[in-house]
Amino acid sequence: MSVLPSVAVVILNWNGRSFLEKFLPSVCRSTYGNLQLVLADNASTDDSVAFVAEHYPQIRIIRNPRNDGFAGGYNDALQHVQADIYVLLNQDVEVEPGWIEPVVALMQQDTKIAACQPKMRAYKDPDEFEYAGAAGGWMDILGYTFCRGRILYTTEKDNGQYDDVKDIFWATGAALFIRSACYHQVGGFDRDFFAHMEEVDLCWRLQRAGYRICYCPDSRVFHVGGGSLPQGNPRKLYLNFRNNLMMLWKNLHSEDRWIVLVQRFFLDILAGVKSLVAGKPKDMAAIYRAYKDYYRWRRTYVKKDDLPEMKLMKMSGVFHGIMIWRYYFLGHKHFSELI
């Protein structure tokens, strides 16, 4: 009889008592046979760690000495976790009892599948795809990210239109299955990102290393979203713009880097002007700060990997066009209209 791969569900927590109280019961009902549960705490100041220690003694607790965000927090915690497959799970996600088995079975079919995500639906509207991951992450030729089932702020209802296993560009960090060996092979998350876009950068590097990223529709999870930073928060906007630029500089083929970044510069200026006209000066300031800090980062950046360069157009989950053009000017609000 074959031995099940060992799986560690690792929940990164920061002051998440209310989420843990609500969603840990569903995680503890998981039926996978070779499973460990871990809470990685990012120096919380509430009583969330004490709550878990008292009510869930079966959950191992790892205490990070400080809050280094999503990227640094997971990098530090996963140094102390032994498992074949890590499942990085947000604290605001509800899962079904058999959510792990289909994803592991899919990953077992091909050792080149390094990372995978389940179908992600909205906790507050279970028939709707959720913003953070929906049915798998894609990217266009200018680095704008979107999902099957979600383009910008437009989400689709789940009518079974994405019930196929699919190679994607990136898997959501809200429920990310990843082979531990692959995670460490490419260096884990980039600590410079702190939070947001770090999973896209990681999956890009995995593809450059020759691996596949997949979506598994037979596993479903339900995500609240915005638990740390809600949509529309200027801090979130800043991190998304800055980290996206950093990711492009790191991963684009050297022949394509400048032409993409120049186009992005002018489009991001338009985004800032649009924010100002819409009466959101803080959003425009966030974009300005993102560029300022990106240029500061670039001056001191030292290449962290020796992965081969790869043309973006040759990767899975890449739209060979400009998503925002299709969305705003052609009215393509759904993935099926775009691709």
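**Burial, cores and salt bridges**

Serine 275 is buried, with a relative accessible area of 13%. This is a predicted model, so please keep that in mind throughout. Serine 275 sits in helix α8, which covers residues 257–277. Beyond its neighbours within four places in sequence, serine 275 is in contact with Lys280, Pro281, Asp283 and Met284.

Histidine 55 is partly exposed, at 45% relative accessibility. Its place is in helix α2, residues 48–55. Histidine 55 and asparagine 15 are 40 residues apart along the chain, and their C-alpha atoms are separated by 17 Å.

Now the cysteines. How many disulfides are there? The count is 0. For cysteine 203, the nearest cysteine sulfur belongs to cysteine 116 and is 10 Å away. Cysteine 216 has its closest cysteine sulfur in cysteine 116 as well, at 5.4 Å, which is too far for a bond, given that a disulfide needs the sulfur atoms within 2.5 Å. Cysteine 203 is buried at 0% relative accessibility, and cysteine 216 is buried at 2%.

In soluble globular proteins, nonpolar side chains tend to be buried together. Here the largest nonpolar core has 78 residues, and those touching the most other members include Tyr74, Phe189 and Trp204. Helix α7, residues 234–251, gives this core its largest share, 8 residues. Tyrosine 74, leaving aside neighbours within four places in sequence, is in contact with residues including Val10, Leu88, Tyr183 and Phe189. A second, separate core has 33 residues, among them Leu20, Tyr32, Phe51 and Val104.

Last, the charges. The count of salt bridges is 25.

Aspartate 305 and arginine 208 meet in a salt bridge at 3.2 Å, N to O. Aspartate 305 lies in the loop between α9 and β14 and arginine 208 in helix α6, so the pair ties together parts that are 97 residues apart in sequence. Are these two residues buried or exposed? Both are buried.

Lysine 311 and glutamate 255 form the other pair, at 3.0 Å, N to O. Lysine 311 is in the loop between α9 and β14, glutamate 255 in the loop between α7 and α8, 56 residues apart. Lysine 311 is partly exposed at 25% relative accessibility, while glutamate 255 is exposed at 59%.

As for the network, salt bridges link Asp190, Asp192, Asp201, Arg205, Lys250 and Lys304.

Notes:
Residues numbered from 1 in each chain as written. Predicted model: local features only at pLDDT ≥ 70, side-chain atom pairs only at ≥ 80, totals over all residues. Heavy atoms only, no water. Helix = DSSP H or I, 4+ residues; strand = E, 2+ residues; numbered from the N terminus. Buried < 20%, exposed > 50% of the residue type's maximum accessible area, 1.4 Å probe, protein only. Contact = heavy atoms within 4.5 Å. Core = buried A, V, L, I, M, F, W, Y, C linked by side-chain atoms within 4.5 Å. Salt bridge = Lys/Arg side-chain N within 4 Å of Asp/Glu carboxyl O.
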